[in-house]
Every structure is written in structure tokens, then in C-alpha cells.
Amino acid sequence: MSYIKNVAGEPEASVRIDERIASDPVERPIATPPEPAFVRRALEQADMNALRIALYHQTRDSELLDMALARFPVRGGAFEARVVARHHHDAIKQKALAFLTDPDNIRRDPPTRDEAEQLMRHFQGSELSPAALDFGYGDLGIDKKARDAEWAAKPSAERLENFDVTIVGGGISGLAIARQLGRLGLKHHILEKRDSFGGTWHINDYPEARVDISTFLYQYKFDLEYPWKSHFATQPELVEYMEYVVDKYGLRDRIELNTELQAASWNDDLSKWELTIRLPDGSTEHRLTSIVISAVGLFGTPKMPDIQGIEDFEGAMFHTTEWDHGFVPDGKRIAVIGTGSTSTQLMPSLAEKAEQLTVYQRTPSWITPVHDYHGTVSPELRWLLDTMPGYTNWHVYSLHVADLQLQEFQDLDREWIAGGGKVNERNDRLRENLIRYIREECAGRDDLYDRLVPDYAPTARRLVIDNGFYRALRRENVALDSAGIDRITRTGIVSKDGTSRDFDLIVLGAGFQVSRYLWPTSYRGRNGMTLEQLWEADGARAHLGINLPEFPNMFVIYGPNAQARSGSFHSWIEILSRYICGLITHMIETGGTSIEVRKAAFDAYNDRMDQAMTSTLWEAEGQGGYYLNEQGRSGVNMPWRIYDFYDMLRNPEMKDFTVR
């Protein structure tokens, strides 16, 4: 037996875990290694806990399991990294060096499910719930089918021929569920209204566009083999990744580009959806389909700011999703409207080229630094990822575990608030650390500092990654206008304090109309029910963010309140896809032609969700950010902790559905 002890800070109770792993090695020689100096450089860049677990599986060296774990404070203690105690690092690296440089070593097969679960417990030094183990196993990516739906008893080819699926949207969600449907042998195709697939990463090609979480987490877990170049992938690299996925899984022929679903109406007699589709040549076509899956996501409809005179401006003006790459910013007078994720990301690059740049800020964002944001994957690290068996899997798992902490900042602690706090102890500590960071970045510029500190709590709105925004504001050619915009004129912008500036370019960084789910497609369900009628009370709702009563055979991926509090976006898309496919396979296997969530189940779920939401900070602290809809309700995020929500999605509760 092995005992994992935690060090640094107060000691925790030791956790007893069975260390026996029964699999036998398989005779597969490791490739001839490079020089030891190269391997040492690679090991210096390794995640020690990921390396420790991967190395143990290969060597069965029990000393690796007995190493203590430590909680290492990050960002002034607001976050904690779960790491191997530093005094063990040299031993891990020495053992890894010996393993990787010995040409006589062999590779063992990846761990079985039971072995992987034991190793997850060792990785975290604690017992884990069944949901945590199941979710974690999926994120490990050892079994590429871990999150795939399967037939209980696959129907005949003749029966399957009666069903086809229309997927709306060719972004991350659409491609993921197309892969699952293909594995099930169900006919399917994707309607993509733009000239290429890729969704968000097709339309957001503005300067400096890149993902704001680790690339290694921001990928499908059914395929961890892509050779990423960046720790935080740029937009061009993400487009390359989507091309890789489309070609590897044979999806290209399934995608109809420049093809838009304009309307869908349920025909109860046929148990089919009647579709009205705009084709690439502008003509209209009518089709029937058994099932509609909307994968258009949150960020498909750009938001244009409602500013007097916006149509009068005679210079260049474009939204960040419609970037004019023919416009040369060098020596120009530029305005950027908005200080959300996109605007703060692109502004520094414009500041370097513009003669004068003005940032128009309505509400400041909480902006946080991230290590290695522009870093590339070194040749040494690339070699380690490709060579050390299991290291990539455990590195991805490590990022998942770290990401879980985000939830800790989102719950309201009533006792803490009664004592004078704002949200909870960790959130308030994060706020202090971010305020300190703003002070440091704006040293000597109190005029900036006073306008850049938000009056709402961190994570009440989306945290923004610092791409050099604060430092760019200190440039002599950059101004911050927080007075508010009064109007736009033919030549520029007039602020509410009377300041008038002329511009050659106005960049509209107002974000997206996230509450307009499924827009602009018109959907009519059973008995002519429209989405507007279903959602007229307080905005868009769904059962588990997926199903709508009166809309049979219709599923939404990343629908209302489906944004998880933590966890990789790609992971959740895989999980939601499995759930949807589970409903479809159940319907077909049981002889039905339609499946629909019961209104009672829909209402009960939303009642529970509303009650749970009162314990989170979004409605209390959000102050109108995109997390809140026009009615002031949190319509984007879910209140559930991720493993609780995952439990709801592991297997559909068929009593909540009607199959006809």
C-alpha cells in the first residue's frame, strides 16, 4: 500500500491507495534518444506531477508514488497549484533521464480503466468521486472512445436509412457531434453559412487573436496527437487544427459551405423537420430531415453598438469579426470601442502602429497576467510530449485539475459577506491581487489606475488575459476615454464630457448578442410553437441546456445556461454530444420516430437551476455583462459544480422524455 502525504501549509490526512497495477509490459523498444543534454533540457520544462505518474506506469518504481504533494500558491495565494514537492524534482528527472536514454527500455501499453483511476488518485493525492473519475478518464484521452455514445443493439441498415441528421454550424461543436454520428452509422451533414468551417476561429481573425486557456486543454480529448506549436494557440494555428480534425475524421464531404438554414418547422404527421435552406447561389431549397442539431453556439451573432450617428461616420469602421485586412493602421488615428476580451487583446498591436489610438471604455474588465502567453512549444518539450509514454495525457489531466479552481471564486459565502466581505474569501483575495497588478502596471499613472479598477467582483464577468493592455495604455500615443460616448459624427467621436476626436478607423469591439440563441433561424415546433413564445417570460431556457418542450427531435449544443463553471470547452462538447446521441439511439432502438423533453421535466429543471443560481455571484455582481440576459437573469452560465452537472449528463433520464 502507498500513502500520499501533502506538504506545504497545514498537513492533510494521508490517503491510502492501492498501488498494485497488474498489466505486463509489451515489447516495444523506445526510439534511439537524443543526447542526454537535450533530454535534460526537456525535463526541465516538464510538469513534474504528470511526468511522475507517466514514469511510474512505465517503470513501476514505487518510490514515485511515495513522493509528497504540495500546494503551491499562485497569484499571491488566490490560486493554488497542486505540485510534487520541490525536493523530489531532481529524483524524478534523474529517473526519467535513465528511462528515456536507455535504448533497451520497453514501452508498456496505456493503463486500463482501473489502472488509470488508481493513477488519478495518486496524481491528486486524494479519493475522487465516481463523476470525477469518469470525467477525468475522458480528459486523459487514453481511450479515444471514452465519451462516445454506443448502440445497445444496433438497428438494421434498413431502419437506419429512415433517419438523417442536419447539424447547423461547422464550428467546434458541429464537428464533434458529426464525428460521433459517423461512428454510429447515422446519416448526417453540416450546414455552414460561412465560406469555411471553424466557427468562432474562422470569423475572429483580428490582430493578435489567440485562445485564452492552455492549448493543451483547448482541444478534443478523443485526439491528443496534434503537434501544437504554441502554449496559447493563435487563430491561424487553431484554423490549422480544425483542418486537421476535418480531414482525419473524414468530415469535409459532410459540410455544405455558404449554406444557411433560414427556417425549420416540425411536421407532426411525418415526424420530420421541414427545412428552408439558402444555397450558395442565393436560391432557396426545401428539405426534410429527421433530426436537427443546432451547433451555432454563443458567439455567432456580432453585436453592433447602439450609438447615435454611427451610420454617419465616413472613415473606415468594422466589427472585430469582420476585420478588414486591407486596412493599413500605420500612422492612422484609431478608436477602439470596448474593453472586453477581444478589444484588450488586439489593442496593443494597433497602439504600436497608430499615430494616435483612443480606447473607449464603458466598463473596465478584470485583467490577469498569464505565464508564457506568447510562448511556443520548444523542440525539447515537443520531443518529450511525443516520446514519453503517457506524458501528454497526464499533462492534459494536470491542466484539467488546475482549472477546477475557477469554481471556488463563484460561490457566494453569506457568512463572509455578512462580515464585510464581497463574495467569498478566495474571490476577495483574487480581487486584491488583481488590484495590486493594476497598480504595478499603471505605476505613476493614477489617472489610469482610478479608471481601470472594476467595481464588481472578479469572475462575475469573464476574466480577461493581459496581452500588454495596461502597458499599451501608458504609451504617449494612447488615450483612455471612460466618459462614455455621446455620438459618432462624420469624422469621429464625441464623448459625453464634450471631448471630440477625429479618426481614420473605428473598431467595434462590442462583442456578441449571446442571448439570441439559434438566431436568425426561425424555428416552429409542435402546434406551431415558436422560440419567442417559449422564451417570452425571461429569456432562453432549455432542459440541461439541450432540449426544448414542443420541439421534438431538436437538440442544442452549448445552449441556454450550458456554459460550465470549469472544464475544457472541447470536453463539454464531447459530453453534450454523447448525451444527445444517447437520446437519438434510444429513440431509434425503441422503435420511435421522435423524442421530446416533457414540459414538467423542463420546468422542474429550470426551477432547480434558478434556486441554485442564487448561491452564485453572476446575478448579484454581474452588472449587465454578457453573462446576464436582457431580463437580468443569468442566461449563459450554469450554477452547478461541474461534477454535479456531469452526473446529470452521464446517462439521460428517459422518464423525462416522450418517445413517439
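**Entry 1: a serine in a loop.** I needed a cut-off before starting: buried means under 20% relative accessible area, exposed means over 50%, and partly exposed is what lies in between. I also noted that this is a predicted model. Then I went to Ser126, which sits in the loop between helix 4 and helix 5 (130–140).

**Entry 2: two helices packing.** I looked at helix 2 (residues 48–59) and helix 4 (residues 113–124), which pack at an angle of about 145° with their axes 10 Å apart. The crossing of helix 2 past helix 4 is right-handed. Which residues of helix 2 and helix 4 make the contact? From helix 2 I listed Asn49, Ala50, Arg52, Ile53, Tyr56 and His57, and from helix 4 Glu115, Leu119, His122 and Phe123. Sorted by class, this contact of helix 2 with helix 4 has five nonpolar, three polar and two charged residues.

**Entry 3: the inward side of helix 1.** Next I went to helix 1 (residues 36–44), where Phe38, Val39, Ala42 and Leu43 are buried. Why do the buried residues of helix 1 line one face? I looked down the axis of helix 1: its buried residues fall within an arc of 135°, so they line one face of the helix. These buried residues pack against helix 2, helix 3 (89–100) and helix 11 (379–387).

Entry 4: A reminder to myself: strands of a sheet pair through backbone hydrogen bonds, either parallel or antiparallel. In what order do the five strands of the open sheet come? I wrote down 13-22-14-15-18, with parallel pairing. The edges are strand 13 (316–319) and strand 18 (478–481), and each pairs on one side only. From one strand to the next, the twist averages 15°.

I then followed single pairs. Strand 14 (residues 333–337) and strand 15 (residues 356–360) run parallel and are joined by five bridges. Ile334 stands opposite Leu357 in strand 15. Strand 15 also pairs with strand 18, in the parallel sense, over four bridges. Here Tyr360 stands opposite Asp481 in strand 18.

Strand 18 got one more look. In a regular strand the side chains alternate between the two faces of the sheet. In strand 18, Val478 and Leu480 point one way, Ala479 and Asp481 point the other way, and all are buried.

What lies across this sheet? I found helix 10 (residues 341–353) lying across strand 14, strand 15, strand 18 and strand 22 (505–508). Helix 10 runs at about 170° to strand 14.

Entry 5: I found another open sheet, of three strands in the order 19-20-21, with antiparallel pairing. Why is one side of strand 19 and of strand 21 left without a neighbour in the sheet? Strand 19 (485–488) and strand 21 (500–502) stand at the edges, each with a single partner strand, so one side of each has no neighbour there. Ignoring direction, neighbouring strands of this sheet are turned by 20° against each other on average. Strand 19 and strand 20 (residues 492–495) pair in the antiparallel sense over three bridges. Across that pair, Ile488 stands opposite Ile493 in strand 20.

- I found a cis peptide bond joining Trp519 and Pro520, with omega about 5°. Pro520 is in the loop between strand 22 and strand 23 (522–524).
- Leu544 has a positive phi of about 60° although it is not a glycine. I placed Leu544 in the loop between helix 17 (531–534) and strand 24 (554–556). With a relative accessible area of 4%, Leu544 is buried.
- Asn561 is in the loop between strand 24 and helix 18 (569–589). Is Asn561 buried or exposed? It counts as buried, at 2% relative accessibility.

Note on methods:
Residues are numbered from 1 along each chain as its sequence is written. This is a predicted model: local features need pLDDT of at least 70, side-chain atom pairs count only at pLDDT 80 or more; totals for chains, interfaces and linings use all residues. Side-chain values use heavy atoms; hydrogens and water are left out. Axes are lines fitted to C-alpha atoms, for helices over the stretch in contact, and angles run from 0 to 180 degrees between N-to-C directions. A crossing is left-handed if the near helix is turned anticlockwise from the far one by less than a right angle, and right-handed if clockwise. Contact means heavy atoms within 4.5 Å. Ala, Val, Leu, Ile, Met, Phe, Trp, Tyr, Cys and Pro count as nonpolar, Asp, Glu, Lys and Arg as charged, and the others, Gly among them, as polar. Two strands pair if DSSP finds at least two bridges between them. Buried means under 20% relative accessible area, exposed over 50%, partly exposed in between (1.4 Å probe, protein chains only). The arc is that of the directions from the helix axis to the C-beta atoms.
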